[in-house]
Structure formats: structure tokens, C-alpha cells
Amino acid sequence: MDAFVRGIRRVSQLCGAIAAGLIAVGVLVVCEMVFVRYVLNHNTIWQTDFVTWSLVAATFIGSPYLLLTRGHVNVDVLPQYLSGRKRWWLALFSILMSLAFCGVVTVLAAHFWLQAWEGRWVSESMWRARLWIPYAAMPIGLGILTLQYIADLYCLLAGREPPFGIKAKPA
């Protein structure tokens, strides 16, 4: 199981790098779009769709990295004031609920992606992009996020990490 946790952590780190790359490419494409549109006075066809989809993909694909680094927005008021055992139970409940939610949404996103693949869906813009490509970010990102929750659950149950990353106060 330790190899699984190490592997998922590496994959989550890779997801963070990919998400950062998608955002950087999106910024470059916006700059290119402004140049083409306002300096060269040409039409832009694919840029708006690409930027939108790259930012959405960065959101889904970057989510496992945020969970790994605890970079998501959360409220630590309740865990801070709970005793060690109650904090552990709250962490267990939180991980199980999040894991269930991510598992269900992963299955639904995979089904949605499969519909786009089998139906050969394309965008309504002039670009006519195949939609299975941007839609793939949803089941991929959510699937890896689900695996990261499983790794976090194992680390909590095995006592390898403190609940919510909060170390117990010395007595």
C-alpha cells in the first residue's frame, strides 16, 4: 500500500504541473488572440474555446494536487478546537463523504465523456473541435482525485498523517 500512496502522490504532483502548464498556455493563447484580433485585424476562431477548455481542464486535473498539498479553501475552526480523537473521527467522516462524492461524479463524468466519444460530438463554433478531448479532463482529474482520497484515507487509518494535517498538541 505504501507504493500505491507514493505513486498517487507522484501522479498528483504531475497533475499540478500539468494544470500550471494549461494555465500558462491559456495565458499565451489569450495574448496571441489579442494580437491577431486587434493588431492584425483577423478573426479568431479557436482561441476562446481553447482558453475556456484549458482553464476547465486545469481545474479538474489540478484538483488532486490541491488535495495533496491541502491547498484548497477550508475552514479549520472546528478541527482546531476538537480533541485528537474527535478530530480523527471528523477527518474520517470528511474523507469518506468526499470519497463517495468524487467516486459518483467520476462515474458520471466518465459516462458523459463516453457519450461525447460515441456520439462524435463537436463544438458549435467554427472550430468544430471534437468534444471528447476537453471532456476527458473531467473523468481523468476526478479519477485521480478519488485515488488521492483513497491514499489519504489509508494514511489516516494507518496513523501516518494527523487528521487535517494538524499535529496533536503536546500534553
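Biologist: In which helix of this predicted model is Gln 47 found?

Modeller: Gln 47 belongs to helix 2, which covers residues 47-69.

Biologist: Why does Gln 47 count as buried?

Modeller: The relative accessibility of Gln 47 is 3%. Buried means under 20%, so Gln 47 counts as buried.

Biologist: Which residues is Gln 47 in contact with, leaving aside neighbours within four places in sequence?

Modeller: With those neighbours set aside, Gln 47 is in contact with Val 29, Glu 32 and Met 33.

Biologist: What does the side chain of Gln 47 reach at 3.2 Å?

Modeller: That side chain reaches the backbone nitrogen of Ile 45. The cut-off for a polar contact is 3.5 Å, and the distance here is 3.2 Å.

Biologist: Why is helix 6 described as largely enclosed by the rest of the structure?

Modeller: Of its 21 residues, 16 are buried, so helix 6 is largely enclosed.

Biologist: How do you know that the span of helix 6 agrees with what it should be?

Modeller: At 1.5 Å a residue, the 21 residues of helix 6 should span 30 Å. The end C-alpha atoms of helix 6 are 30 Å apart, which agrees.

Biologist: Which residues touch the most other members of the largest nonpolar core?

Modeller: In this core of 17 residues, they are Leu 92, Ile 95, Tyr 135, Leu 145, Tyr 149, Leu 153 and Leu 156. Helix 4 (84-118) and helix 6 (137-157) are the elements that give two or more residues to this core. Helix 4 gives the most, with eight residues.

How values were computed. Residues are numbered from 1 along each chain as its sequence is written. This is a predicted model: local features need pLDDT of at least 70, side-chain atom pairs count only at pLDDT 80 or more; totals for chains, interfaces and linings use all residues. Side-chain values use heavy atoms; hydrogens and water are left out. A nonpolar core is a set of buried Ala, Val, Leu, Ile, Met, Phe, Trp, Tyr and Cys residues joined through side-chain atoms within 4.5 Å. Buried means under 20% relative accessible area, exposed over 50%, partly exposed in between (1.4 Å probe, protein chains only). Helices (H or I, at least four residues) and strands (E, at least two) are DSSP runs, numbered from the N terminus. The expected span of a helix is 1.5 Å times one less than its number of residues. A polar contact is a pair of N or O atoms within 3.5 Å; within protein, one must be able to donate a hydrogen and the other to accept it, and residues adjacent in sequence count only if both atoms are side-chain atoms. Contact means heavy atoms within 4.5 Å.
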